[in-house]
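Subject: Structure handover and notes

Hello,

Here is the structure we talked about. Please open it first, then read the notes below with the model on screen.

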Amino acid sequence: MADGRIEPYEGPAGGWGSIRSVEGILHQEGRLVGGNALLLKQNKEDGFSCVSCAWAKPAEPRLFEYCENGAKATAWETTSRRIRSRFFAEHSLTTLRGWTDHALEAEGRLMRPMRYDPGSDTYKVVEWEDAFREIGAELRRLEPDSVVFYVSGRASLEASYMWGLMARMYGTNNLPDSSNMCHETTSVALPESIGVPVGTVTLEDFNKADCLMFFGQNPGSNSPRMLHPLQEAAKRGAAIITFNPLRERGLERFTNPQSPTEMLAGRETRISSQYHQLRAGGDLAALTGMCKALLEMDAEKPVLDRAFIAEHCHGFDAFAEFLRDTAWAEIERESSLTRDAITTAARGYAASQRCIAVYGMGLTQHRRGVETVQMLVNLLLLRGNIGREGAGICPVRGHSNVQGQRTIGISEKPELVPLDKLAEQYRFEPPRHKGVSTVEACEGILKGSVRGFLSLGGNFLRAVPETAAMEEAWPRMRLSVQIATKLNRSHLVPGEVTFLLPCLGRIEFDEQQTGRQVVSIEDSNGQIHASRGMTPPAGRQLRSEPWIIAGIAKAALPPGHEAPWDQWAADYSRIREAAQQTFPEVFRDYNARLGRKGGFPRPRAARQRVWNTPTKRANFMVPRSLDQAQDGDALRLITLRSNDQFNTTIYGYEDRFRGVSGTREVVFAGAEEMRRLGLRPDQYVTLETVADDGRQRRVGGLRVVPYNLPPGCIAAYYPECNPLIPLWHHAERSQVPAAKSVPVRILS
């Protein structure tokens, strides 16, 4: 790759840059004719749900209810490019491993089921029936708990239900998913605090809030449609208080590309009324400081919602004692913010009546992530901002259905799944022991205890930590099965027996025996939506995810472990009827409600101030300490996305908002760090992980780019820097990789 061009970007989020980017990707993927018409169906009641982010789908959508990144995802999936059989005859897997992530996926859609041939080091075409027969035979020879059934956040609720049932009928709860890598921290923290594993706000709440607080979430790159309600809130005078180590353009300024007036006049809306650049991982301390400041204010003038605390909360006295005992000097040291800055933020919050707290992986991907999320809940509870219109907690999920998969039973934790109901419904005894999380699956692959890996979408090997060690260990597995739409790095590291099975994309027509099918997803705000295919399939040999799962299940499961697989593959409404029986509270009248405008909501008792916790109240949670347990001499590396990617999918090499073009091999460093370390702009350096486990982890060839970052922090792109993340460097209790504060040093 070329060295690229670094030019600071002075414009807003959105604007003409967004329009040029959308038209550029449509042209690149051969979708300029027809692509714009297709985008008009994105996130619409009679259309399809975006295949990238999980941001909420409104009941009354805009004409253009898609963002720059959503348009890229649609063009990327519906590309006119195809990978034909001769491609694999001409390219060995060894050769392809030298390609970039972008180049691999840019080849286009996979067209035929393939089996890896070790003799030629290539994939060769296999018939579907033969693939299922061989996969089934391999699975029957393996111990169930030596096999992992991974799920990407792209898979529908219907496919996820079948996948989870198949794994449990096979005999394992080894059902890790993308949530293990992002928001499992939320799923651990929120039930203890407020009794639900998801956020409590709806899209309508954003119209009623007079204060929004942002922690570690960058809507400009990760969920740009969110900028519309933020702009509306800013225009009506709502306070928007942001805590983030980097100055992110989407939280600073926005020009609505759907507004001719704003575009022609060059008008910008200021988004954040306060912007606090804290140290990576310093959110726990900053939130503690805000709570402490509120308590101090309340001693002079009522600020806390004492009535709410008395009626609905548990543990306030112990929490207040913790705040009084925590010194401001410790808060300032751990957050890198001053007492005055934190108190200013607390005053802005105290002046509001209805506040929403928004957060992303900047909170969840830290060693102390669970305690940080719970401290954010503490801050909301102090002023009664849970279970009130226009207020609540809002974790912004990543991939489009990652939240829904947990709702419908994809979990390694048996206590989260109605196993007794499944036993009654399908007349088998589900496994009752815990399965493996993503981190535990990686540990098992490294140790050799995991012998089989089936992946429903995703790019597992590129997404996980410890990349080099994982790629070295992967070929020792007996079986690898990858269900996918496009070629990615995970497909190029084969096990002893490896299959690559091409599936339909969500945007394509899914014709089965009973006609054209509809699938469903759950968005980040807990609304469940229908999604309808809009384009012809890329090829005649492509099959739907439910059809493929049914084929594997019939070939692999022992006699007596039966479900109506063929009926489900023929009619997805029957899958929804089955899911309704398994999860009656969540999926009541599933088929009837699926067509509702704006989707239908999953139950969230905390919205009604019903607390499904052991205390039957909302709980103030006290952290062990504020220390992030980093090596004292190490820099804190923040891994991040560009605005030209979604998760491991790299659409191109333009990170417009950060002024980086033509490359991803960069490291962002602040002026103070550059002076202290003697770094020069455009100098090439190597990053090395600071760890005492005897393993050397390095990523080299990174170009130094000056950027506005707090002292002690640097930043670089994901997934390129995943090799620097030790597998053990994860959030306590949730095991989410702590990718937002990796201890590293810079080698010149």
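How many of the residues of helix H3 (residues 68–77) are buried? The count is 10 of its 10 residues, so H3 is mostly covered. Buried means under 20% relative accessible area, exposed means over 50%, and partly exposed lies in between, with a 1.4 Å probe and protein chains only. Helices (H or I, at least four residues) and strands (E, at least two) are DSSP runs, numbered from the N terminus. The buried residues of H3 include Trp-76, Lys-72, Glu-68 and Glu-77.

Some ground rules. This is a predicted model, where local features need pLDDT of at least 70, side-chain atom pairs count only at pLDDT 80 or more, and totals for chains, interfaces and linings use all residues. Residues are numbered from 1 along each chain as its sequence is written, and side-chain values use heavy atoms, with hydrogens and water left out.

**A covered strand**

Strand S17 (residues 479–484) is mostly covered too: six of its six residues are buried. In a regular strand the side chains alternate between the two faces of the sheet. Look at S17 with that in mind. Leu-479, Val-481 and Ile-483 sit on one side and are buried.

Which strands pair with S17? One is strand S16 (residues 452–456), which runs parallel to S17 over five bridges. Two strands pair if DSSP finds at least two bridges between them. Gly-452 stands opposite Leu-479 of S17. The other is strand S18 (residues 497–502), also parallel to S17, over six bridges. There, Gln-482 stands opposite Leu-500 in S18.

Strands S2, S10 and S11 form an open sheet in the order S2-S10-S11, with mixed pairing. Its edge strands are S2 (13–14) and S11 (269–270), each of which pairs on one side only. Strand S10 (residues 253–255) pairs with S11 in the antiparallel sense over two bridges. Find Phe-254: its bridge partner in S11 is Thr-269.

Next, go to strand S32 (residues 698–706). Four bridges join S32 to strand S30 (residues 666–669), and these two run parallel. Ala-669 stands opposite Pro-706 in S32. Strand S31 (residues 684–689) also pairs with S32 over four bridges, but in the antiparallel sense. Here Glu-688 stands opposite Arg-698.

**Two helices that meet**

Two packed helices are described by the angle between their axes and the distance between the axes. For helix H21 (residues 419–426) and helix H27 (residues 572–582), the axes come within 9 Å and cross at roughly 130°. That makes H21 oblique to H27. Axes are lines fitted to C-alpha atoms, for helices over the stretch in contact, and angles run from 0 to 180 degrees between N-to-C directions. Angles under 35 degrees count as roughly parallel, over 145 as roughly antiparallel, 65 to 115 as roughly perpendicular, and the rest as oblique.

Which residues meet there? Lys-421, Leu-422, Gln-425 and Tyr-426 of H21 meet Ala-578, Gln-581 and Thr-582 of H27. Contact means heavy atoms within 4.5 Å. The contact residues divide into three nonpolar, three polar and one charged. For these classes, Ala, Val, Leu, Ile, Met, Phe, Trp, Tyr, Cys and Pro count as nonpolar, Asp, Glu, Lys and Arg as charged, and the others, Gly among them, as polar.

**Cysteines**

The structure holds zero disulfides. A disulfide is a pair of cysteine sulfur atoms within 2.5 Å. For Cys-67, the nearest cysteine sulfur is that of Cys-53, 5.7 Å away. Cys-67 is buried, with a relative accessible area of 11%. For Cys-394, the nearest is that of Cys-355, 11 Å away. Cys-394 is buried as well, at 1%.

Most residues other than glycine have a negative phi, and most peptide bonds are trans.

- The peptide bond from Tyr-718 to Pro-719 is cis, with omega near 5°. Pro-719 lies in the loop between strand S33 (713–717) and strand S34 (742–747).
- Arg-733 has a positive phi, near 80°. Arg-733 is in the loop between S33 and S34, and is exposed at 52% relative accessible area.
- Asp-589 has a positive phi of about 50°. Asp-589 is in the loop between H27 and helix H28 (590–593), and is partly exposed at 38%.

Best wishes
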